[in-house]
Amino acid sequence: MFELKLKSTIAYSVLALSLVLGLTGCGKKQVDYSDATEAVQSGLGSASATDTAFDNEEIPTHLDMTIEGAYSRTIIDADIIVPNGYKNCTVIECTDRDFTDEDVQNFAQQIFDKDSYFVYMPYSEEEKVALSGKLSELRLLATDDAEQFAFDNELSKLEEGYTQYQGDYDDFQDIKYYELYDTYYDRSIWKCDLLGTIDGQYYFLSFTKDKCNSYMKLNRFKQSTNFKMQDVGSQSLDVLMDGNVCTYDKEEAETIARDYVKQLGFESMDIVWTSDVRAEYWDEDYWASSATMLERQVDGYNFYFGRFYENYSLVYFSYRFNQELEYPTDMAPGNVPIFEEGSEYIRVYVDSRGISEVEVYNPLEFNQVLSDKPVMISYCDVENIIVENGKEHAQSNGDDLNIYEIRLGYDMVIDGDKNALVPMWYVFYDDSSHESNFSKTPYIRINALDGTVEYYLH
């Protein structure tokens, strides 16, 4: 069974670790492991007086100042949030653990009711005919109108015959990855899609891989075409008017999500963000121009899981936890898609009927501790970087910048199949995480090891 387990922590001497962040043309963050490797092998390292200041200083809980510039202001009214025991941070290395054929088979066996599931890959004429017959039989056994509607939608799509995937296979009977050609984006991908029941209710289980990413999604069949969901904040109009109608309260739903992630075998993952979810139901495919909304209500919660180690965990922001393997992040010459490698995370959507959706992006496995006491820049240096960037913004940008949160946590830096969790300061701006147009985005991130700054807002 696929598991994400931590090996024992390796004790090293005090290390001076230098991890250098940069950006390549396709947007990957790069990390130089050479200094870390040399430091681990030698057990040597030294820190300057400024570096060691972090171990001795107390970090304030709030920063309040206004910076006036030629064109605007930078208004800093920010809570400063750090992990418990923030002075003890471990830099760890993980490696990619793509889902394999064996993982697909084991997950299917674990998730679905016994003997209820089958390969659902309508990417050849033979398979379309076979699946049409299968779905027509299952439609007669639909448990409610919504499930019957979902079967009708799938049968209509099979009859229309369109698919963006092509595969040169006689059949799609075996539970394994199939290499397909994606005609829309002109690339090869690997897929295995299944349909089966969980406690008598039908669900899709889909596995997709490309050259950069590995992805699993479980979603309720009856919500596969005429359903749309969106994260909303606790102070959004939808929540304030009608509340969250989920039959589970937030704590109960969180327990369901945690238990399911653990049941699937994923360890060292913790909830880093929770959102209310607005659910919409339509009378036909949501994307159809003639579709009419039938129902809209806040029902349930999205729980986002990120990797943690001891007292540090990955920090949530909207862009990182909202990835789509189907969409290219950049286009190279010749219109060839380049797909950015995304970070690992798990999303679990719990609504009034229990588990509705589960997404797992880019699973990793623990490799080694790079440093159990990395040298970090002082908070004073971090504050100076924030102030200097605030001055630059106010001098050159016509819109006020409002910084409301400064948070220390993990960030993932990627180098090939190696991924390092390193301490990072996140500076968040213009908080809309409580509103209907939900968003939580950093203005800048500051590498806590060397002070390197990465921008999100210019």
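Predicted model: local features only at pLDDT ≥ 70, side-chain atom pairs only at ≥ 80, totals over all residues.
**Getting to know this fold**

User: Where is R97 found?
Analyst: Residues are numbered from 1 along each chain as its sequence is written, and side-chain values use heavy atoms, with hydrogens and water left out. Helices (H or I, at least four residues) and strands (E, at least two) are DSSP runs, numbered from the N terminus. With that sorted, R97 turns up in the loop between β3 (91–96) and α3 (101–111).

User: What does R97 count as, going by its relative accessibility?
Analyst: The scale goes like this: buried is under 20% relative accessible area, exposed is over 50%, and partly exposed is in between (1.4 Å probe, protein chains only). R97 has 21% relative accessibility, so it counts as partly exposed.

User: Which side chain does R97 join in a polar contact?
Analyst: A polar contact is a pair of N or O atoms within 3.5 Å; within protein, one must be able to donate a hydrogen and the other to accept it, and residues adjacent in sequence count only if both atoms are side-chain atoms. At 2.9 Å, the side chain of R97 has such a contact with that of D103.

User: How far apart are the C-alpha atoms of R97 and E365?
Analyst: Along the chain, R97 and E365 are 268 residues apart.

User: Which side chain makes a polar contact with the side chain of R187?
Analyst: R187 belongs to strand β7 (residues 187–198). R187 counts as buried because its relative accessibility is 12%. Its side chain makes a 3.0 Å polar contact with the side chain of D210.

User: What do the buried residues of α5 pack against?
Analyst: The buried residues of α5 are E147, A150, F151, N153, E154, L155 and L158. An α-helix has 3.6 residues a turn, so residues three or four places apart point the same way. The buried residues of α5 pack against α4 (125–139) and β8 (201–209).

User: Which residues touch the most other members of the largest nonpolar core?
Analyst: A nonpolar core is a set of buried Ala, Val, Leu, Ile, Met, Phe, Trp, Tyr and Cys residues joined through side-chain atoms within 4.5 Å. The largest one holds 60 residues, and touching the most other members are I386, I403, I406, W425 and I446.

User: How many contacts does the stretch of residues 1–50 have beyond near neighbours in sequence?
Analyst: The protein chain averages a pLDDT of 84, and 84% of the residues score at least 70. Over residues 1–50, though, the pLDDT is below 50. Counting contacts (heavy atoms within 4.5 Å) beyond near neighbours in sequence, that stretch has 121.

Methods. pLDDT = per-residue confidence, 0-100.
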